[in-house]
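These are my notebook entries on a single structure, set down in the order in which I looked things up.

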Amino acid sequence: MSEYILEMKNITKEFPGVKALDNVNFKVKRGEIHCLIGENGSGKSTLMKVLSGFHKHGTYDGQIIFEGKEQKFNTIYDSEKVGIVTIYQELALIPELTVYENIFLGHEIKNNGIIDWNKTITEAEKVLKKLGYTLDTSKKVKDFGVGVQQIIEIAKALSKNVKLLILDEPTSALNETDSEKLLQIIKDLKNHGITSILISHKLNEVLEVADTITVLRDGLTITTIENKNISENVIIKHMVGREINDI
Ligand code: ADP
Ligand code: MG
């Protein structure tokens, strides 16, 4: 078995007038926390949307190898079936539905074709408990703050048997306490064998959790660095493409 759970090879993605990704290579090791960073517009979200099937096969060039097999996703549902789950910048929860409905939305637990709500509630509580949270799952999602909503998103991912979790700037709307809790959860998931790709603008949190850091610049340059003895300045230099003093 390869040490890499994911290999994206020579990925090129164009939008009218913009080459968002230009021959990008990106590899993620099994079980690691891999941080993807880069300035706004460098192509981070696009790379993850290619991976998740949001941009379907045929709309980009290049190859996606997941767990040793080439994948050609046509929908997000296709990537979720093999265990790749993305939590987007914009949360995808439905505020008017309950916590348990949200967690199992689209993959409801059924018994003879009928949704088994009791089991759904028990399972929703179980998966939240794994994350260290006890919530009244019959409450609506809108009754919780953005920090807890982020946890509900992760619970939803876990309920789908996630192997590779992608978080696109999950802490951008969180306060410091909620950010810390979220980073701790990502570390706990790692201890349970779940690989994560974390997109973040906050270098302090990247340096705190990353095993490996990949820097994207203008959809062109990629540098992959082990997070050992690396300084913030070196990362910024890769991001902007020159010495900090020159800025
Ligand atoms: P990042 O997530 O690193 O901020 P993005 O991947 O969102 O960057 O964007 C990379 C480039 O692709 C930007 O120039 C952006 O404007 C462009 N882009 C992204 N999505 C679209 C789209 N759906 N249509 C047109 N251009 C897009
Ligand atoms: Mg983005």
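**Entry 1. Alanine 210**

In which loop is the place of alanine 210? I worked with a predicted model throughout. I found alanine 210 in the loop between helix H7 (203-209) and strand E11 (212-217).

**Entry 2. Lysine 187**

I next turned to lysine 187, which lies in helix H6 (residues 176-191). With 13 other C-beta atoms within 10 Å, lysine 187 is partly exposed. Between lysine 187 and valine 209 I counted 22 residues along the chain, yet their C-alpha atoms are separated by 7.1 Å.

**Entry 3. Helix H4**

I listed Thr120, Ala124, Val127 and Leu128 as buried in H4. Looking down the axis of H4, I saw that these buried residues fall within an arc of 100°, so they line one face of the helix. I reminded myself of the general rule: an α-helix has 3.6 residues a turn, so residues three or four places apart point the same way.

On the face of H4 turned away from the buried side, I noted the exposed residues Asn118, Lys126 and Lys129. What covers the buried residues includes helix H3 (99-103), strand E8 (114-115) and helix H5 (146-159). Just after H4, glycine 132 takes a positive phi of about 85°.

**Entry 4. The open sheet**

In what order do the 4 strands of the open sheet stand? I wrote down E2-E1-E4-E5, with antiparallel pairing. E2 and strand E5 (69-70) stand at the edges with a single partner strand each, so one side of each has no neighbour in the sheet.

I followed strand E1 (residues 4-15) to its partners. With strand E4 (residues 61-66), E1 pairs in the antiparallel sense over 5 bridges. Methionine 8 has isoleucine 64 in E4 as its bridge partner.

With E2, E1 is joined by 8 bridges, and the two run antiparallel. Here glutamate 14 stands opposite lysine 19 in E2. The hairpin of E1 and E2 has 2 residues between the strands, and in this hairpin glycine 17 takes a positive phi near 85°.

**Entry 5. Around ligand 1**

Which residues are around ligand 1? I listed Phe15, Val18, Ala20, Gly38, Asn40, Gly41, Ser42, Gly43, Lys44, Ser45 and Thr46. Strand E2 (18-29) and helix H1 (44-52) are the elements that give two or more residues to this shell. The largest share, 3 residues, comes from H1.

By kind, I divided the shell into 3 nonpolar, 7 polar and 1 charged.

Conventions: Residues numbered from 1 in each chain as written. Chains lettered and ligands numbered in written order. Predicted model: local features only at pLDDT ≥ 70, side-chain atom pairs only at ≥ 80, totals over all residues. Near = placed C-beta within 6 Å. Nonpolar A, V, L, I, M, F, W, Y, C, P; charged D, E, K, R; others polar. Buried ≥ 20, exposed ≤ 12 C-beta atoms within 10 Å, placed from the backbone. Arc of directions from axis to C-beta. Contact = placed C-beta atoms within 7 Å. Pairing = 2+ DSSP bridges.
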